[in-house]
Amino acid sequence: MKAKQKKETIKKGLLIIISGPSGSGKSTIYKEILSRNSNILGSISVTTREPRGAEIDGVHYYFITKEKYFELKETGGLLEGAKVYGNYYGTPLAKVQEQIENGKDIVFEIDIDGARQIKSKYPNAIWIFVIPPSLAILEERLRSRATDTAEVIERRLSLAKSEIAYSEMFDYFVVNDGLSESIKTIEGIIEAERHKAYLMTDFIKKTYLD
Ligand code: ADP
Ligand code: 5GP
């Protein structure tokens, strides 16, 4: 009886999306948020791209074939899916559903297309858009990361401008100037979101009204 009561009062977990132009710092921030907050879970995506460097299947991504990707998509196994820079990426649905039902907060580091799909299914998902302080700084960061050719960097810069044009759809903008400031800001957003009134209705009802 006690266990049942406890389960009933568990709040659903939050879906927290971190997206932004390539080079804005979203994957650095995503990793830091996860390593600093053991109560926030990450989501392991599937991808059709080849593993890079020390990437491990089932840790960084689930590396799958295109056939498997489309099979998953067609059978409703993905929460969202998108083609990003020529490869397919997607978020496995079952794990997300299980975790939010158990009250766990999940953070996603995904592209704009995927973020829009999550927002349309879960309107309360929190969409945080990370932007660099300027296009010049974005360019500098892409160059110093040294993972892309000059041509790819050019394409990423022009894509960044078109992504920022979707700004009215984002819930929060975080200008990633100092990294530790950005992380603190995002942790603050998550903490505030946990106190949204709609999440407290079950608690209020059981504590004060029943
Ligand atoms: P994204 O995942 O958005 O493509 P990354 O996390 O790979 O971006 O960051 C791009 C580069 O910028 C990396 O070399 C990273 O170390 C660096 N970086 C990220 N945030 C900052 C920051 N606040 N100040 C300076 N460099 C940063
Ligand atoms: P990378 O190949 O460098 O790991 O990731 C490339 C891009 O794919 C990044 O912009 C990242 O945000 C995006 N991405 C990673 N996983 C997913 C996912 O599951 N869904 C979507 N829509 N985008 C993803």
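Predicted model: local features only at pLDDT ≥ 70, side-chain atom pairs only at ≥ 80, totals over all residues.

I started with Phe70, which is partly exposed at 29% relative accessibility. My cut-offs for this are under 20% relative accessible area for buried, over 50% for exposed and partly exposed in between, with a 1.4 Å probe and protein chains only. Residues are numbered from 1 along each chain as its sequence is written, chains are lettered from A and ligands numbered from 1 in the order in which they are written, and side-chain values use heavy atoms, with hydrogens and water left out.

**Rings**

I looked up the aromatic pairs and got nine. Rings of Phe, Tyr and Trp (its six-membered ring) pair if their centres lie within 6.5 Å; planes under 30 degrees apart are stacked, over 60 edge-to-face, and the rest tilted. Phe70 and Tyr88 make an edge-to-face pair, because their planes stand at 70 degrees, with the centres 5.0 Å apart. Phe70 belongs to helix H3 (residues 66–74) and Tyr88 to strand E6, so this pair ties together parts 18 residues apart in sequence. Helices (H or I, at least four residues) and strands (E, at least two) are DSSP runs here, numbered from the N terminus. Tyr88 is buried, at a relative accessible area of 17%.

Next I checked Trp127 and Phe170: their centres are 4.9 Å apart and their planes at 65 degrees, so I logged this pair as edge-to-face too. Trp127 sits in strand E8 (residues 126–131) and Phe170 in the loop between H7 and strand E9 (172–175), 43 residues apart. Both Trp127 and Phe170 are buried. I also found that Trp127, Phe129, Phe170 and Phe173 form one aromatic cluster.

**Positive phi**

Tyr85 is not a glycine, yet its phi is positive at about 45 degrees. I placed Tyr85 in the loop between strand E5 (78–84) and strand E6 (87–92). Tyr85 is partly exposed at 42%. The charged end of Arg156 sits over the Tyr85 ring, 3.9 Å from its centre; the test wants NZ of Lys or CZ of Arg within 6 Å of the ring centre and within 35 degrees of the ring normal.

Ala146 is another non-glycine with positive phi, about 55 degrees. I found Ala146 in the loop between helix H6 (135–145) and helix H7 (150–164). Ala146 is exposed, with a relative accessible area of 62%.

**Helix H4**

Which residues of helix H4 (residues 93–101) are buried? I noted Leu93, Val96, Gln99 and Ile100. Down the axis of H4 they fall within an arc of 140 degrees, so they line one face of the helix; the arc uses directions from the helix axis to the C-beta atoms. Their cover includes strand E1 (15–19), strand E2 (40–42), E5, E6 and strand E7 (105–109). After H4 comes Gly103, with a positive phi near 80 degrees.

**Ligand 1**

I listed 14 residues around ligand 1, the closest being Gly23, Ser27, Thr28, Arg145 and Asp177; a residue is near if one of its heavy atoms lies within 4 Å. A side-chain N or O atom of Asn176 is 2.9 Å from a nitrogen atom of ligand 1. For Arg141, a polar side-chain atom lies 3.2 Å from a ligand 1 nitrogen atom. Pro21 puts a backbone N or O atom 3.4 Å from an oxygen atom of ligand 1.

How values were computed
Contact = heavy atoms within 4.5 Å. Polar contact = N/O pair within 3.5 Å; in protein donor to acceptor, adjacent residues only side chain to side chain.
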